[in-house]
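Open the model in your viewer and have the selection tool ready.

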Amino acid sequence: MKSLPFLSLIFLIACNPREPHEKGKALATKYCGSCHLPVSPALLDKDTWTKHVLPAMAPKVGIGVWHGDQYYPAAQKGAVSFEEWTEIAAYYKDLAPDKLSPVNKPLEEDSSTFSIQLPVWLEYKSTTATTTMVSIHNKTIYSSRDEAAAMWTWDQQLKPTIGMKLESAAVDMDWVTNDTALLTCIGNLRAVDAPKGTLWKFVPGAKENEQVQTIGLGLPRPVQSLATDFNKDGKMDYLVCGFGHNYGGLYILQQKADGDYDKHSVWEVPGAIHAVTGDFNNDGWPDIMALFAYADEGIWLFLNDQKGGFQSKNLLRFPPVYGSTSFQVVDWNKDGKPDILYTAGDNADYSMILKPYHGVYIYLNKGDFTYEQKYFYPINGCTKAFAADFDNDGDLDIATIAFFADLQHQPAEKFIWLEQTKDLQFTPRAIKNLGKEGRWICMDVGDFDEDGAPDIVLGNYSRGFIIQDNFKPDWNTGQPIVLLKNNTIFKHSIVR
């Protein structure tokens with residue numbers, strides 16, 4: 001009889017084999033996973049879950065206000081009951097780690113491949129840099145800034161000339177021809193639903209009253225635009241990534257016979273941050289590959305149906321805490337299939353902590369647009385990556401910037417270039433003394449001095465957005481741009 005309690009315990013375990021919080025996990029998958037990829041508790045620390053993310057998510061499922069362990073009911077009943085919500089909250093609170101493990105890898109200092117060239121800028125002592133866009137073209141650097149928005153040009157001596165004033169900061173410049181660019185102005189950098197963005201066709205060398213042609217107005221915080229004739233009618237159309245806030249989308253401004261444009265939605269969801277166009281299925285019609293960086297983060301392929309529409313296919317999905325920032329289509333293994341270079345690192349949302357899964361990723365195309373991760377290098381707050389052969393050894397290297405870098409403990413990771421030494425093996429390198437010159441939010445690669453070697457221009461944004469407590473900028477907050485001149489000797493130009 002003494003063994004009965006033990007047998008009863010075995011019986012209870014056999015009849016109820018659920019692990020702790022299995023119900024909370026199932027509910028999180030059901031409700032949270034209906035909008036985005038389910039998030040493991042391990043991806044954020046306990047305080048971030050309970051004090052920031054869960055309180056922000058509660059109203060979205062009809063739970064009113066949830067602050068810590070305090071609950072304030074919603075005015076109307078939501079999709080999730082209070083009992084279900086407490087199970088979800090306990091799942092994240094109890095299983096989340098106290099802290100995330102920091103990632104600080106040693107970096108080799110490089111003082112030979114690139115040399116730092118500073119602009120001739122006399123206002124740096126009295127102004128705060130708010131550069132939002134940089135572009136290299138025809139031995140000229142173009143830039144824009146948030147404060148007193150305007151176009152600036154920088155000559156070969158890096159002397160600035162102010163150009164036309166803008167209604168809002170330009171955040172993207174895409175050269176359609178050698179003398180004409182698309183200029184995307186965001187409208188408002190702040191996360192608000194204010195459709196005030198504009199798309200202009202910009203001709204720098206034209207007369208002042210002929211420099212711009214308005215293509216689109218009232219766009220929801222657009223961040224990139226591309227020119228492609230999607231319906232093959234001989235008239236140029238324009239793809240716009242409207243990041244928006246709660247409202248946004250991926251749009252095509254289709255040119256009509258009278259030269260005006262109709263706006264068509266490819267996908268009406270916020271978060272469109274980066275797109276690439278091309279004939280990805282080799283049917284002779286232009287398709288779209290786009291990265292969405294809000295809620296349901298991931299890369300989608302939109303195949304042209306040749307009838308004015310698109311068929312969508314998800315290629316990669318990421319948890320919403322990743323903070324997707326950019327991607328580039330690159331054929332890494334030279335097999336003719338488009339591979340993907342991807343970065344994660346946005347940290348201006350509800351979970352403003354350093355994250356070990358931020359960094360640069362390479363996904364290889366295994367055929368039929370299925371992708372497999374083959375490389376990852378952790379970089380706190382990685383913002384953008386650009387693949388090019390910087391050292392002229394015949395393979396691709398990677399240049400990266402990180403706006404939300406570990407400014408306190410590893411400021412050198414604000415810019416890292418990854419030298420490919422073997423197939424998909426890289427040596428991370430930092431540029432000596434570069435960290436003190438700025439905090440980089442934008443980057444472009446091009447042959448600035450036309451010596452055949454790809455140079456790099458960086459844009460400094462030094463107003464706010466510091467997520468590390470009690471840290472103050474220790475870099476030059478007034479310098480708008482910095483040029484990294486490539487000192488490698490190239491026989492032929494490879495970047496245009």
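Start by selecting the cysteines: the number of disulfides is 0, where a disulfide is a pair of cysteine sulfur atoms within 2.5 Å. In general, such a link is a covalent bond between the sulfur atoms of two cysteines. This is a predicted model, in which local features need pLDDT of at least 70 and side-chain atom pairs count only at pLDDT 80 or more, while totals for chains, interfaces and linings use all residues. Residues are numbered from 1 along each chain as its sequence is written, and side-chain values use heavy atoms, without hydrogens and water.

Select Cys35, which is in no disulfide. The nearest cysteine sulfur belongs to Cys32 and lies 8.0 Å away. Cys35 has 53% relative accessibility and so counts as exposed (exposed is over 50% relative accessible area, buried under 20%, partly exposed in between, with a 1.4 Å probe and protein chains only).

Next, go to Cys382. Is Cys382 buried or exposed? Cys382 is buried, with a relative accessible area of 0%. The closest cysteine sulfur, in Cys442, is 14 Å away, too far for a bond.

Now select strand S25 (382-388), an edge strand that pairs on one side only. Strands are DSSP runs of E with at least two residues, numbered from the N terminus, and two strands pair if DSSP finds at least two bridges between them. S25 runs antiparallel to strand S26 (residues 397-402), and 6 bridges join them. Click Ala388 to find one end of a bridge; the partner in S26 is Asp397.

Finally, show the whole open sheet: 5 strands in the order S3-S28-S27-S26-S25, with mixed pairing. The other edge strand is S3 (108-110).

Note on methods:
Helices (H or I, at least four residues) and strands (E, at least two) are DSSP runs, numbered from the N terminus.
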